[in-house]
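Visitor: I have a new structure to look at and would like to go through it with you. Could you take my questions as they come?

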Amino acid sequence: LLRWKLPRCLEPDALNAPAKPLFIVDTFAVLPKVAQDRAFQDMYLPGLAEEAARCGREVTRLYRLYGSRHPWHLWQSFRALKAAGNGLTELHLLTWSDWPRLVLHYLLYPLSLFGLIRSLRHYPAGSPESFIRDALIRTAGQCVLIGEARRLAARRLGLRLAALPPRIGAPEQDHQPEKRVPPVVIASWYENQTLNKTFQRGLGQAENQTGRHVPVIGAQLFIWPDVLLNNHPDDVEESFRLTPDKVLVNGPHFLPENTRQTYAVGPSLRYGYLFAKDAAPVGATQSAAIDAKPLLVLLSYHPEEVRRVLQLVLPLALDGRNVVYKFHPTTKPDDFVGLLPMRPTMAAPSLKEALREAGAVLGSGSGSLAEAVTQGIFVLNVDDPAGVPGLGLNYLPEYGRGLLWATVRRSEDVETALEAAKTARAKIDAETLQKHVTAFRDLLFTEPTPERIREAFEL
């Protein structure tokens, strides 16, 4: 039913005969939110499609459907996606001959997985191979059809793009090769997850058939700690065509030191407000606010991190500390009722508004902690008291420890850390504190100016 109805809901005609160079934005469509808002707002690459259109590109979005497969969410979402303009999903790109391939993949995958596990059975316990074997066994029941469908869709996309003219531009540019524009560029939200790898593999298979390469720019424009290993593509993945042609990172801190792949600092599309000219200057008021304003608890989308933070904060809240909670949009407070006070105070929906009312911030496993530091707010990162120090989900770089942020492991550490922060800030003037905050910001974030967007995404 969806295969027949979807082409009437969206408009994929831009792939057929674009009059201008084509720019494809590969981004998530969070279906429950799209259905609720009845409109699509790109939360991952905001403003990119609009800037590409201003640069004379024909823009098409490739939506990764995420968050729900409920028929009502799908129907409501597709109506909103149609209103957003040209767009595609994998269901548009798959042909009828791809559905038997999906069934065949479903049948053969367990056999291939069993063969791989069996080939690792002789490696001793504690070896890297044994860890891989155990992980494969633990995740053997997970569905892999979505990744395979994305590979097949990417292959179809590559074949269609290969049929476009070798270049698109004005006739007067024929004698000016430097002004010729590639017929298509794909900007893809990039976390080096299965969906990213299968997408790249499908495009690579289309290139093997047609000889036409489609450049992909991976947008790794978010905050992440080094221990999230999926964000570190192995150099060997390049030989399998599993990586983009170029990866854009959120700030200089995320540039890898030793890699054969191409990296560059890109625009922090989701964090433009951090560079607002009307932002309040950091000053002595930040130290005074530690006592005058509530402690804002920023919670992660990692359930284990949420539980650990709430366990640490609960004694403080019960002891009378002014605590305000802000849950990640994908988590539900009702799932953690036993770790919350009777009537918890919830922060404003907007992170910007919530930070404005915070005296200090506490949390773990969230890039929002880094955003709080850039506002001059002292941040407490919760480390696992039972874990190995340095191996937790700490999203903060070493810069500014003690002055801009600190680590706590138990409830009794919180007041000690806050008093130490007030003492450290009292020893410097407001201008010096502002310089440290700005240096921290510029390490992790890059202002998303139109010029930087055009340069990074080759517009």
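Visitor: Which residues line the second largest cavity?
Guide: In this predicted model, the lining of the second largest cavity is made up of F28, V30, K33, V34, D37, A39, F40, Q41 and M43.

Visitor: How do those residues divide into nonpolar, polar and charged?
Guide: Six residues of that lining are nonpolar, one is polar and two are charged.

Visitor: And which element gives the most to the lining?
Guide: That is α2, which contributes three residues to the second largest cavity, while β1 (22-30) and α2 (31-37) are each the source of at least two of the lining residues.

Visitor: How much space lies in there?
Guide: The second largest cavity holds about 50 Å³ of space, and the structure has three cavities of 30 Å³ or more.

Visitor: Changing topic, where is L45 found?
Guide: L45 sits in the loop that lies between α2 and α3 (48-54).

Visitor: Is L45 buried or exposed?
Guide: L45 has a relative accessible area of 1%, and because buried means under 20%, L45 counts as buried.

Visitor: What is L45 in contact with, leaving aside its neighbours within four places in sequence?
Guide: With those neighbours left aside, L45 is in contact with V25, D26, T27, A187, W189, A219, L221 and L269. As for D26, which is 19 residues from L45 along the chain, the C-alpha atoms of the two are separated by 9.0 Å.

Visitor: Which residues touch the most other members in the largest nonpolar core?
Guide: That core has 59 residues, and those touching the most other members are F23, L45, L48, V361 and F457. Apart from it there is another core, of 28 residues, with L339, A360, V382 and V408 among them.

Visitor: What about L48, what is that in contact with?
Guide: Leaving aside neighbours within four places in sequence, L48 is in contact with F23, V25, A187, L269, I453 and F457.

Visitor: A187 and W189 belong to β4, so to speak of that strand, how many of its residues are buried?
Guide: Strand β4 (residues 184-189) is mostly covered, with six of its six residues buried. V184, I186 and S188 point one way from the strand, whereas V185, A187 and W189 point the other way.

Visitor: Which strands does β4 pair with?
Guide: β1 and β4 run parallel and are joined by five bridges, and β4 also pairs in the parallel sense with strand β5 (residues 216-220), over four bridges.

Visitor: What stands opposite S188?
Guide: On the β1 side, D26 stands opposite S188, and in β5 the bridge partner of S188 is G218.

Methods
Residues numbered from 1 in each chain as written. Predicted model: local features only at pLDDT ≥ 70, side-chain atom pairs only at ≥ 80, totals over all residues. Heavy atoms only, no water. 1 Å grid on protein atoms, 1.4 Å probe; cavity = no way out; pocket = protein on both sides within 12 Å on 5 of 7 lines; lining within 4 Å. Points joined across faces, edges and corners; volume = space filled by probe spheres on them. Nonpolar A, V, L, I, M, F, W, Y, C, P; charged D, E, K, R; others polar. Buried < 20%, exposed > 50% of the residue type's maximum accessible area, 1.4 Å probe, protein only. Contact = heavy atoms within 4.5 Å. Core = buried A, V, L, I, M, F, W, Y, C linked by side-chain atoms within 4.5 Å. Pairing = 2+ DSSP bridges.
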